[in-house]
Amino acid sequence: MANRHKDLNLLRVFHAVMLERNMTRAAVRLNMTQPAVSNAIQRLREVMADDLFAKVTSGVVPSARAEAIWPTVRTAIESLNQTLDPKRFDPSLATNSFRIAMSDFIASELILPIAGDLFEAAPHISIVLCQNTVENILPGLNEGQFDMVAGVIPHKEARIRSVILKPFTYVCAMRKDHPLAGGSLSFEEFTAARHLQVSLSGHSGFIDRYLTDRGMVRDIALTINHYSLAPDFLCSTDLIAILPVETIRNAARSDELHIVEAPIPVYEDSLALLWHERNDGEPAHCWMREQLTAQFGAKFTPAGAG
């Protein structure tokens with residue numbers, strides 16, 4: 001490989017395809033023709049001795065080798081762009097793509113209310129919302145798969161920056177004509193009921209850890225990975241669920257639901273925005289973080305690391 005000619009423009013094309021996961025959209029981003037992008041990727045395949053991308057219905061998916069080299073390529077290109085053009089970030093001209101991991105519930109709280117203003121201020125940017133789980137948050141930030149993550153984050157690392165956006169309060173919800181909706185909910189009634197669980201990873205959470213520590217289990221009838229589905233399931237079943245109160249208040253069928261204080265300790269979590277330290281001073285990332293934190297009146301200055 002040392003004797004092969006290496007065109008740095010190939011890495012620029014590779015970076016665009018990794019961002020877009022689509023050859024045609026990458027060509028638009030680069031102001032190139034789609035065949036020119038495909039030819040560049042083919043040349044890079046020969047240099048790297050790897051297929052790099054496989055075709056799928058929606059575009060392309062990267063190979064393991066492509067995923068492995070992208071963080072280095074991405075950091076280098078963004079650093080070079082900033083060095084060559086250190087001017088103040090102009091959102092009206094920006095063509096950046098932001099990959100932000102969050103649940104559907106967080107997206108409804110964080111992105112949906114400001115999407116119109118974002119695209120009015122920066123009409124050429126793109127935002128890719130990715131699903132996050134406890135397991136993929138830190139690897140995704142460290143490896144450059146995500147620019148930012150928004151959610152309830154149980155732990156951080158030294159190189160991960162964060163800012164608190166808002167607190168979350170949890171309640172127990174059920175349909176209004178549920179047999180348990182008459183008054184307060186006892187611990188015995190809670191453990192005897194059938195439950196709906198929302199889990200992005202499919203694994204159990206703090207409720208089950210609390211019960212397990214006391215030698216108890218609950219009857220989880222249904223586990224889903226989208227908060228937006230929870231209210232409809234509760235309205236049409238005898239299931240109960242512990243959810244952020246905003247999930248109920250913002251639901252289209254909120255008037256059909258009854259909320260009550262949970263009979264187990266439900267601590268108050270906080271919604272946080274996280275990013276890797278490599279993006280601390282990158283102008284486009286700074287701008288996007290300012291837009292997201294301003295929505296909740298949070299201070300943009302990182303709240304700490306680790």
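This report describes selected helices, strands and residues of a predicted model.

## Basis of the description

The model is predicted, and local features need pLDDT of at least 70, side-chain atom pairs count only at pLDDT 80 or more, and totals for chains, interfaces and linings use all residues. Residues are numbered from 1 along each chain as its sequence is written, while side-chain values use heavy atoms, with hydrogens and water left out. Helices (H or I, at least four residues) and strands (E, at least two) are DSSP runs, numbered from the N terminus.

## Helices α2 and α3

Helix α2 (residues 23–30) packs with helix α3 (residues 34–48) at an angle of about 105°, their axes lying 8 Å apart; axes are lines fitted to C-alpha atoms, for helices over the stretch in contact, and angles run from 0 to 180 degrees between N-to-C directions. That makes α2 roughly perpendicular to α3, a term for angles of 65 to 115 degrees.

In contact (heavy atoms within 4.5 Å), Met-23, Thr-24, Ala-27 and Leu-30 of α2 meet Gln-34, Val-37, Ser-38 and Ile-41 of α3.

Strands pair if DSSP finds at least two bridges between them. Strand β3 (residues 97–101) pairs with β5 in the parallel sense over two bridges, and Met-148 is the bridge partner of Ile-100. Strand β12 (residues 269–276) pairs with β5 in the antiparallel sense over four bridges, and there Ala-272 is the bridge partner of Gly-151.

## The sheet β10-β7-β11

Three strands form an open sheet in the order β10-β7-β11, with antiparallel pairing. Because β10 and β11 (257–260) stand at the edges, each with a single partner strand, one side of each is left without a neighbour in the sheet. Four bridges join β7 to β10, and Ala-173 stands opposite Ala-241 in β10.

Phe-206, Ile-207, Asp-208 and Leu-211 are buried in helix α9 (residues 206–213), and the buried residues of α9 pack against elements including β7 (170–175), α8 (187–192) and β10 (241–244). After α9 comes Gly-215, whose phi is positive, near 70°.

Thr-293 has its place in helix α12 (residues 283–294) and counts as buried at 2% relative accessibility. A polar atom of the Thr-293 side chain lies 2.8 Å from the backbone oxygen of Arg-289.

Terms used. Parallel < 35°, antiparallel > 145°, perpendicular 65-115°, else oblique. Buried < 20%, exposed > 50% of the residue type's maximum accessible area, 1.4 Å probe, protein only. Polar contact = N/O pair within 3.5 Å; in protein donor to acceptor, adjacent residues only side chain to side chain.
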